[in-house]
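Welcome, and thanks for taking a look at this protein with us. Please have the structure open as you read the notes that follow.

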Amino acid sequence: MYHQLTESERYTLSVLHRDGQSLRAIARILERSPSTISREVRRNRCHRTDGAYRPSKAQERTNGRRRCKATP
């Protein structure tokens, strides 16, 4: 079963990714599947600017998607 990353996991992912850690290494550190980390970075990177992963934006987007799903 897929569980979304927590806000603190997103900040940890951001720091490790910025430091040049591979997605597989980050997955091991966070005890998550590499596909979960890859999906998170791909889905929530900032496409309009520099393509960087920003955890605050990722959290906003996640909350927005969650609200859309809850509304019938």
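Helices here are DSSP runs of at least four residues, and strands are DSSP runs of at least two, numbered from the N terminus. In those terms, the elements of the protein run α-α-α-α from the N terminus on. Please keep in mind that this is a predicted model.

**Overall make-up**

- The protein has 4 helices and 0 strands.
- Of its 72 residues, 31% count as buried.

**Helix α1 and what follows**

- Helix α1 covers residues 7-18, and its 12 residues should span 16 Å at 1.5 Å a residue. The C-alpha atoms at its ends are 17 Å apart, which agrees with that expectation.
- Which residues of α1 are buried? They are E9, R10, L13, S14 and L16.
- After α1 comes G20, which has a positive phi near 95 degrees.

**Salt bridges**

- How many salt bridges are there? The count comes to 3, where a side-chain nitrogen of Lys or Arg has to lie within 4 Å of a carboxyl oxygen of Asp or Glu.
- E9 pairs with R32 in one of them, with 2.9 Å between the closest N and O atoms. This pair links distant parts of the chain, 23 residues apart: E9 sits in helix α1, while R32 is in the loop between α2 (23-30) and α3 (34-44).
- E9 has a relative accessible area of 15%, so this residue falls under the 20% cut-off and counts as buried.
- E40 and R10 also meet through their side chains, at 2.7 Å from N to O. Here too the pair links distant parts of the chain, with E40 in helix α3 and R10 in helix α1, 30 residues apart.
- K57 forms a salt bridge with E60, where the closest N and O atoms are 3.8 Å apart. Both residues belong to helix α4, and because they are 3 residues apart they are separated by about one helical turn.
- An α-helix has 3.6 residues a turn, so residues three or four places apart point the same way.
- K57 is partly exposed, with a relative accessible area of 37%.

**A58 in helix α4**

- A58 lies in helix α4 and is buried at 0% relative accessibility.
- How far apart are A58 and E40, C-alpha to C-alpha? They are 8.2 Å apart in space and 18 residues apart in sequence.

**Positive patch on the surface**

- R42, R43, R45 and R65 gather on the surface in a patch of positive charge.

**A backbone detail worth a look**

- Most residues other than glycine have a negative phi.
- E31 is not a glycine, yet its phi is positive, at about 55 degrees.
- Where is E31 found? This residue is in the loop between α2 and α3.
- With a relative accessible area of 72%, E31 is exposed.

Methods
Residues are numbered from 1 along each chain as its sequence is written. This is a predicted model: local features need pLDDT of at least 70, side-chain atom pairs count only at pLDDT 80 or more; totals for chains, interfaces and linings use all residues. Side-chain values use heavy atoms; hydrogens and water are left out. Patches are made of residues with over 30% relative accessible area and no salt bridge: like charges are joined within 9 Å, nonpolar side chains (Val, Leu, Ile, Met, Phe, Trp, Tyr) within 5 Å. Accessible areas come from the Shrake-Rupley method with a 1.4 Å probe; for residues, only the protein chains shown count as cover. Lys and Arg count as positive and Asp and Glu as negative; His and the chain ends are not counted. The place of a charge is taken as NZ of Lys, CZ of Arg, CG of Asp or CD of Glu. The expected span of a helix is 1.5 Å times one less than its number of residues. Buried means under 20% relative accessible area, exposed over 50%, partly exposed in between (1.4 Å probe, protein chains only).
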